[in-house]
Every structure is written in structure tokens, then in C-alpha cells.
Amino acid sequence: MNLVKQSATILAVLLFAGCGGSADSSSTPQNLSSSQPTPATGSTEITGKVTYDRVPHTLSSGLDYENTIELPVRGAVVEAVTASGEVLTSGVLDSSGTYALTVDAGTEVRIQIKSQLLSNATAKWNFSVTDNTQDNQLYALQGSLASSGTNSRQTRNLHAPHGWTGQSYENPRAAAPFAILDSVYLAAQSFADIDPNIEFPELEIRWSTENKTVIGNKALGQIGTSAYFPEIDEGTIYLLGEEGRDTDEYDPHVVLHEWGHYFEHQMSRTDSIGGLHSLNDRLDPRVAFSEAWGNALSAILLDDPTYRDSSGSNQSSGFSFNLEAGQYANPGWFSEASIGSIIYDISDETSDGADRLSAGLGPLYTVMRSETYTDGPVFATIFALADGMRREFPDTAPALEALLGAQLISGEGANGNGESNSGAIRSALPVYKEVRVNGAAAQLCSVDDAGLHNKLGNREFIFLSLDADTDVTLELIKTSGDDDRDPDLNIWQGNRLVHESRSSAQGQEVLQTRLSAGDYVIEAFDFFNINGAGSKRGDGCYSFTVTE
């Protein structure tokens with residue numbers, strides 16, 4: 001059996017690019033019927049089970065090849081094909097990895113499993129794993145070419161091994177695409193259990209043994225890190241696969257974390273600006289929430305609060321953290337760790353510490369798909385999620401307040417009104433300032449105390465509501481800071497960026513535009529705290545007004 005790649009766009013004609021070597025197989029035909037052979041003009045039902053190697057983690061979060069287990073390949077497309085690649089018939093593997101395909105008796109045929117999850121039932125999805133270093137071709141697991149025989153039934157089992165020989169991957173890594181798919185299958189089924197009519201937008205997950213921690217040309221495997229890229233082909237996940245440095249196919253928390261970003265982007269809402277982040281960072285609240293959601297969702301789906309990511313020589317090391325750890329270095333509405341703990345505790349069945357809530361994944365799904373959440377005027381943060389929980393599931397409010405309080409989060413409403421935890425950055429509160437046309441100036445600051453680009457204090461949020469279409473002038477004027485401070489503005493309506501103002505004028509930013517009636521959030525920041533470094537970064541404060 002070979003691990004091959006199939007064109008992701010021409011499914012009727014199979015174009016294969018060999019990976020070299022072969023995979024283990026038990027696909028030798030076995031006649032199951034004890035009845036008399038049927039004529040060659042009859043039909044044969046080919047049945048079998050498809051499995052793959054799942055490599056678990058050690059306590060140090062490395063991969064534990066010695067305890068590899070065989071698991072069923074679930075939900076993948078299975079096909080009976082001729083020597084020339086003609087598809088005779090196809091189906092989908094069931095939840096136990098079994099299939100049954102009927103072909104003409106006496107036909108030379110092979111069974112192949114595509115790295116594609118497909119459902120056209122009430123719940124619909126199309127997820128695939130492709131090789132970005134080979135023109136985004138699908139992977140496929142192929143059995144031997146053999147006659148369908150003259151009996152009424154025949155068995156062909158297929159198995160995808162991991163390819164590890166003890167010191168290196170000397171054999172094809174046939175199991176890898178199917179390990180990735182199985183994590184996604186778990187996610188799709190879990191959400192379909194909540195919403196049987198769910199329809200997932202198509203998603204391609206690009207994995208290759210060449211995908212490495214170098215930033216550059218993704219077609220050469222230079223992907224930088226495993227990540228969801230919303231701007232590539234309307235949303236695509238890239239996963240690392242570089243042996244001896246960082247492989248993610250057997251890191252289901254990582255796979256599901258990135259799938260969580262896909263869910264936010266395609267089916268809910270995300271306002272994250274991305275960038276580097278860690279558990280102890282004080283982050284922009286949009287980033288903190290998005291990363292926390294990915295962490296928590298993976299833990300919820302796997303029923304495992306310990307997030308693991310393998311790496312290093314022989315994939316023998318890695319890192320881990322526990323979402324049930326409790327208190328963190330910088331707890332608050334800006335903390336990925338705090339918010340991840342809250343989201344996980346909303347769902348999980350374990351009561352510990354301040355956690356007395358066991359609501360499951362359903363309420364989170366309901367809130368994050370609600371129009372109030374997706375179309376609201378303020379950003380997707382822990383405040384928006386908590387406000388949605390209070391609105392949609394009021395009985396959870398007391399237990400939710402306990403979870404928020406344990407992480408030093410006190411703000412109310414989707415905008416975090418009354419929040420008292422500044423994260424030691426005074427200008428970070430209130431979470432949303434407010435201005436009115438021709439009203440008093442708002443006092444804003446952009447600071448680098450917590451870091452650059454996506455950290456707490458780099459950006460300020462200002463809420464503006466207009467009763468009618470209005471010609472306005474938005475003006476930021478420096479009140480303190482270095483002479484070369486360069487303030488800039490973004491104007492958001494919901495999660496749609498409607499204006500950018502990026503002049504290089506020192507100490508001020510002025511934008512004249514016409515805004516339609518509605519609610520807006522203005523994002524104000526200093527260019528050098530977003531894109532600068534060295535002596536250019538620093539603190540600056542501004543007076544902000546909106547006038548007709």
C-alpha cells in the first residue's frame with residue numbers, strides 16, 4: 001500500500017506523485033462467502049476496515065512511539081479504482097473505519113482512502129489534508145491492485161503506519177494525514193451533535209514533511225509555525241511536519257486549536273490581530289480571547305485539559321500546560337491563560353476551585369453563533385462571550401461570575417463596563433472610552449509597557465454612536481510623549497474595517513470622512529508601538545475629538 005498524493009481539484013482523474021517506499025497492508029483479498037462462486041458477470045461486495053497509527057505523548061510531551069495504538073480512520077472518502085485511476089464507486093468510512101463497496105466481479109481494482117472528510121447528510125462538511133509543497137495535492141492511501149474475484153464478498157483491510165523506525169522516519173509517514181483528519185472529525189461530529197443541521201464551509205489543511213519553522217515561501221514548506229491563515233484561499237490551516245524539529249500531526253491540541261480559529265473566522269466572529277503571544281503575556285483583549293478559545297476548544301473536544309505540543313530531536317520533547325491550573329502570572333481580561341481557563345470551566349464536568357459550572361460545549365456554540373455576538377458593535381472578547389452567556393443562559397450567571405471573579409475580571413456587558421483590573425497599565429481602563437460628536441475630548445495613550453504590536457496598552461478603543469449620517473473630523477493631538485510620536489486610527493463598524501488613517505505627521509492624526517448612522521469603534525495607536533522597535537517605541541498620550 002502506498003501513500004500517494006491526488007489532485008485536489010481534478011477528482012475524476014487521479015494524478016499521483018509517489019512519496020517513495022510503501023506502507024504496510026493487509027489488503028490481500030479474502031473471500032468471505034461460503035456460497036458457490038458467482039459468474040464473473042455478477043458483482044462483488046468489497047468490505048474492510050481502515051486503521052492508522054496514533055502516536056501518543058509521553059509525560060514530557062514528546063511522542064511515545066513505543067506505545068503507538070491503531071485507531072480507525074473515520075469519515076474519510078473511500079474509493080474503488082482501476083489501474084488507470086478510474087473511480088468505479090465510492091463511499092465514506094463509518095465511525096469504526098469500515099466500508100463496503102460493490103463492484104463488478106472479475107474486475108482488477110484497488111481500494112484507496114483519500115485524505116478528505118466528506119458529509120452530504122443533514123450536517124455537511126468537506127475537510128481535506130493536502131501537501132502544500134506538491135501543488136496542494138490530496139494524500140491517498142492505496143491498497144494492492146487485485147481482482148474482485150468471483151465470490152459475492154471479499155475483504156480488504158488497509159493500515160497507515162507512522163513510518164518511524166526508531167531513529168528516523170525512513171518509511172513514508174502514511175498515518176500523518178489521517179491522524180490530522182481524525183482530530184477534525186472529532187470536532188465536526190461534536191458540533192454536529194449540538195446542531196444536526198450544521199454546514200461547515202470547506203477547509204483545506206496543508207501539511208507536509210517539508211513544513212518547517214522558517215518564514216518564507218509556503219510552497220517550499222517555509223510556513224513559520226502551525227497556524228490558521230484567514231487571508232489564504234478564504235481560510236487555510238498550515239501544519240508543521242519537519243522531523244527532528246517540530247511535527248504537529250500527532251499533536252491533536254495543536255490541530256484543534258487552529259481548527260478553532262477556522263470556526264471563529266468562518267462560523268462566528270474573530271477580531272484578533274494575531275502576533276506572538278504566551279500564557280503570561282498581557283495581550284490585546286481580542287488576541288487573548290481568540291487564542292484562549294483555541295486552547296480551550298481543543299481541551300473540551302479531547303476531554304483533556306493538558307495541552308501538549310511535541311518537538312525536538314526524535315520528537316522526544318515539547319511543552320505542555322494545564323487549563324485547570326487555576327491562577328496565572330497576569331490574570332485578567334487580557335490574559336490568554338485566564339480566559340482559556342474560564343471557557344474550559346464553562347464546559348467541563350469537573351467542579352474545582354471556583355468552577356461550579358458544567359454547561360458543556362452547547363451554550364458556547366449558541367452564544368458564538370448568535371447574531372448579537374457576531375454582529376455586535378464591540379469586539380469579540382471575554383466580555384462579549386460572558387455577556388452572551390448571561391443573555392442566552394441566565395441560570396448560569398452566578399457560576400459564571402465566580403469563574404470571572406477568580407480570574408480578576410469584573411467588567412459587565414459586552415464592553416466590559418466598570419472593569420477594575422488595569423493589568424498595571426493605567427490607560428487600559430476603561431476598556432472602551434466613549435466620545436460624542438462635538439463633545440468633550442477623550443484622553444488616550446499608546447504605551448509599550450507590556451510589549452509591542454498586540455499587547456495590552458498598545459491600542460485604545462473608543463466607542464462612537466451616530467444617530468444620522470454625518471460628515472465628521474476625527475483628530476488625535478499629542479499631549480505627552482516624544483516629539484516623533486506617530487498616532488494612527490482605524491474605524492470599525494462591527495468587525496468590518498471601514499476606514500484607516502495612516503499619515504506620518506508627527507504628534508497628530510486627522511481624518512475627515514462621512515460616516516453613516518450607526519455604532520463604531522475607533523482604534524487608536526502609535527505606529528511605533530505596532531511596527532517600531534528600539535528607540536522608536538515608547539509612550540505617548542493624546543487628546544481625541546470628533547467634530548462635525
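**View 1. The disulfide between C445 and C541 in a predicted model.** The two sulfur atoms lie 2.0 Å apart; a disulfide is counted here for a pair of cysteine sulfur atoms within 2.5 Å. By this rule the count is 1 disulfide. The link of C445 and C541 is right-handed, with 100° about the S-S bond. C445 belongs to strand β21 and C541 to strand β28, so the pair ties together parts that are 96 residues apart in sequence. Strands (E, at least two residues) and helices (H or I, at least four residues) are DSSP runs, numbered from the N terminus. Both cysteines, C445 and C541, are buried, meaning under 20% relative accessible area, where exposed is over 50% and partly exposed is in between (1.4 Å probe, protein chains only).

**View 2. The open sheet of 4 strands that contains β21 and β28.** Its order is β21-β28-β23-β26, and the pairing is antiparallel; two strands pair if DSSP finds at least two bridges between them. β21 (442-446) and β26 (508-515) are the edges, each with a single partner strand, so one side of each is left without a neighbour in the sheet. The twist averages 25° from one strand to the next, with axes as lines fitted to C-alpha atoms and angles running from 0 to 180 degrees between N-to-C directions. Between β21 and β28 (residues 540-547) there are 5 bridges. Q443 stands opposite S543 in β28.

**View 3. An open sheet of 5 strands with mixed pairing.** The strand order is β20-β22-β27-β24-β25. β20 (432-434) and β25 (496-501) are the edge strands, and each pairs on one side only. On average, neighbouring strands of this sheet are turned by 30° against each other, direction ignored. β20 runs parallel to β22 (residues 459-466), joined to it by 3 bridges. Y432 stands opposite F461 in β22.

**View 4. The largest nonpolar core and the surroundings of W333.** A nonpolar core is a set of buried Ala, Val, Leu, Ile, Met, Phe, Trp, Tyr and Cys residues joined through side-chain atoms within 4.5 Å. Of the 113 residues in this core, I113, F127, F200, W259, W333 and I382 touch the most other members. Helix α1 (residues 176-194) supplies the largest share, 11 residues. Not counting residues up to four places away in sequence, W333 touches residues including P285, I339, I382, E419 and L456, where contact means heavy atoms within 4.5 Å. A second, separate core has 19 residues, among them A442, L476, L489 and Y520.

**Notes.** Residues are numbered from 1 along each chain as its sequence is written, and side-chain values use heavy atoms, with hydrogens and water left out. In this predicted model, local features need pLDDT of at least 70 and side-chain atom pairs count only at pLDDT 80 or more, while totals for chains, interfaces and linings use all residues.
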